[in-house]
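The following exercises ask you to work through one structure step by step. Look at the sequence and the model first, then try each task before you read its solution.

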Amino acid sequence: MLPSVSLLDSFQWSQFTTMLVIYLVAITAEAMSGALAAGRRNMDIFGVAVIASVTALGGGTIRDMVLGHYPISWTQHPEYIFLVIGAGLLTTLVARHMHRLKRVFLLLDAMGLIAFSLIGCNVALELGYPPVVVVISGMLTGISGGILRDVLCNQVPIVFRRELYASVSLAVCLLFQVMHTLQVEYNVSTLVCFAAGLALRLLAIRFEWSLPVFSYQQRWE
Amino acid sequence: MLPSVSLLDSFQWSQFTTMLVIYLVAITAEAMSGALAAGRRNMDIFGVAVIASVTALGGGTIRDMVLGHYPISWTQHPEYIFLVIGAGLLTTLVARHMHRLKRVFLLLDAMGLIAFSLIGCNVALELGYPPVVVVISGMLTGISGGILRDVLCNQVPIVFRRELYASVSLAVCLLFQVMHTLQVEYNVSTLVCFAAGLALRLLAIRFEWSLPVFSYQQRWE
Amino acid sequence: MLPSVSLLDSFQWSQFTTMLVIYLVAITAEAMSGALAAGRRNMDIFGVAVIASVTALGGGTIRDMVLGHYPISWTQHPEYIFLVIGAGLLTTLVARHMHRLKRVFLLLDAMGLIAFSLIGCNVALELGYPPVVVVISGMLTGISGGILRDVLCNQVPIVFRRELYASVSLAVCLLFQVMHTLQVEYNVSTLVCFAAGLALRLLAIRFEWSLPVFSYQQRWE
């Protein structure tokens, strides 16, 4: 999920620390969204912990399984597991006040989406996969945790229907891949992708941008 | 998903080309069925592209993850990804006319089911798995894309309830495994399995053959 | 799913045989619960066989895929596949009488849950994963077959809502890990965990113990 420690040498500590902090914010925000979804299904606190964990760490898990990237990142970082379970359980205590933090939550969630996407691109790049797979790896990391959450809560994944969300992940991954091809320096491209992605997501929320919907109700199969 | 290029030398080019064409038809047909399912859930075009891709490439992905067959086939063939996304998006444009092509669609879908099944058997055979796993690998490839599609669209997988469909995959895989054990020449067994499977599926559609249903409504657990 | 044959030398045959018998009871009980769930959705007998197999063998499959433990256990034991398919199909014949066996079924199911959990812990231990992953591996093996069953049957997984069930798996895995850390002899710790887990589960059923539920109905996201 995170750039591995071996990467540490190849770029600045401050850059690494920044991405780590954003990553930790990201899994915390995702865990909280998982806990709220579990609460909507009246799950017990065990279910809350599971859904929180799956939402936060499931995207990276699916990415690693698809890319054959073992050991899967969180298995080497038990502290992440405690963090997301803790965030999930804490959410059950503060949930009644969370609507007041709606804007903060949406901001954290947007930062998480973009951080996940960039990390996913990096993992595939390091493993030498072709550009299309780099983009897909970023998107898998960004959105499949939320898809797993919705499948386990028995609803159609919201990412396929909400205002620009998954598309932000796609845009970020494409931009990152293009800048990589153009050999833009890593720190620069990360910063540009992050800023562009965040702006796009926040604008999409503000102006309720969404993609065209495909409705098809005929039954003939 | 496809016999790898290294196989190319070991059997005739024409045979390989034929299977490739059928495979491409198969993933296109599967992608279209995914797009229609997404349309029934009023997804946006991003959701359509994802469901189309998952339906077309998900079966092979699950097979490869279960068999530990890395890298997963589509990661080495970006062109397949563009094909299935293109097919999914195109479907949104022509959907209103598709009921007129019902028979063509069902034929392509049947060819796809059988091609997927045979390819899945081949992958497990090459990896040296025992006969039962060869059959399961064929079926995983044949039907699990459709299962993923239905899970993501929040409905009970249709393959568990429709007229003979998954059973056709099972029959094809069993026949293929038996002919392999009897050392029937590969081209011959592929042809026989394909013809027998297609006949079985088309007869099942024509005469609405189906398996006995198990209904159980008691609640005591 | 099972301790591999190479383990055979390192502890007593009788111990191994006991765990094998319990494991076989476990996958049979899980297959039966899968078949009943399929029956509640009016699936055909093919669907019954698939849901039975996925419920019984899916937990170990997910664990092996997450841990990168290839080949996945059941691919090396075709006899397990026949057992679970047989158990699933047999269930369709005897289902109308099963409510009379409710207590037996719950006992077998509890034994299965605990056996799965202990086996899952062992697999992760052997692969050298850290303690947190050992516990998660046990729980994945114990409960994810049932989660897959419920997702394929299009319902919110029951393990997140029922009286203490998944929590029993967690307790057993934690106890096992603690005893391993304290270097308690393997046979002793297995026996203690098994007895404690079974007692906890049966008490939970008897007194309808359950975890606090988190209900959250606000919609603001």
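**Exercise 1.** Decide whether A:Cys121 counts as buried or exposed.

*Solution.* Start with the count: A:Cys121 has 31 C-beta neighbours inside 10 Å, so A:Cys121 counts as buried. The rule behind this step is that a residue is buried if 20 or more other C-beta atoms lie within 10 Å of its own, exposed if 12 or fewer, and partly exposed in between, with C-beta atoms placed from the backbone. Before going on, note that this is a predicted model, in which local features need pLDDT of at least 70, side-chain atom pairs count only at pLDDT 80 or more, and totals for chains, interfaces and linings use all residues. Residues are numbered from 1 along each chain as its sequence is written, while chains are lettered from A and ligands numbered from 1 in the order in which they are written.

Finally, list its partners, leaving aside neighbours within four places in sequence: A:Cys121 is in contact with A:Val134, A:Ser137, A:Gly138, A:Cys173, A:Phe176 and A:Gln177, contact being defined by C-beta atoms, placed from the backbone, that lie within 7 Å.

**Exercise 2.** Work out how helix α2 of chain A and helix α3 of chain A are oriented where they pack.

*Solution.* Take the angle and distance first: α2(A) (residues 45-67) and α3(A) (residues 78-94) pack at an angle of about 130°, with their axes 8 Å apart. Here axes are lines fitted to C-alpha atoms, for helices over the stretch in contact, and angles run from 0 to 180 degrees between N-to-C directions. The two helices are therefore oblique to each other, since angles under 35 degrees count as roughly parallel, over 145 as roughly antiparallel, 65 to 115 as roughly perpendicular and the rest as oblique.

Then look at the residues that make the contact, which include A:Ile45, A:Val48 and A:Ala49 of α2(A) and A:Tyr80, A:Ile81 and A:Val84 of α3(A). Sorted by class, the residues of this contact are 12 nonpolar, 3 polar and no charged; Ala, Val, Leu, Ile, Met, Phe, Trp, Tyr, Cys and Pro count as nonpolar, Asp, Glu, Lys and Arg as charged, and the others, Gly among them, as polar.

**Exercise 3.** State which elements of chain A give two or more residues to the side that touches chain B.

*Solution.* Begin with the totals: the contact takes 26 residues from chain A and 29 residues from chain B. On the side of chain A, the elements that give two or more residues are α2, α5 (131-152) and α6 (166-181), and α5(A) gives the most, with 3 residues. By class, this side has 17 nonpolar, 8 polar and 1 charged residues.

Conventions: Helices (H or I, at least four residues) and strands (E, at least two) are DSSP runs, numbered from the N terminus. Two residues are in contact if their C-beta atoms, placed from the backbone, lie within 7 Å.
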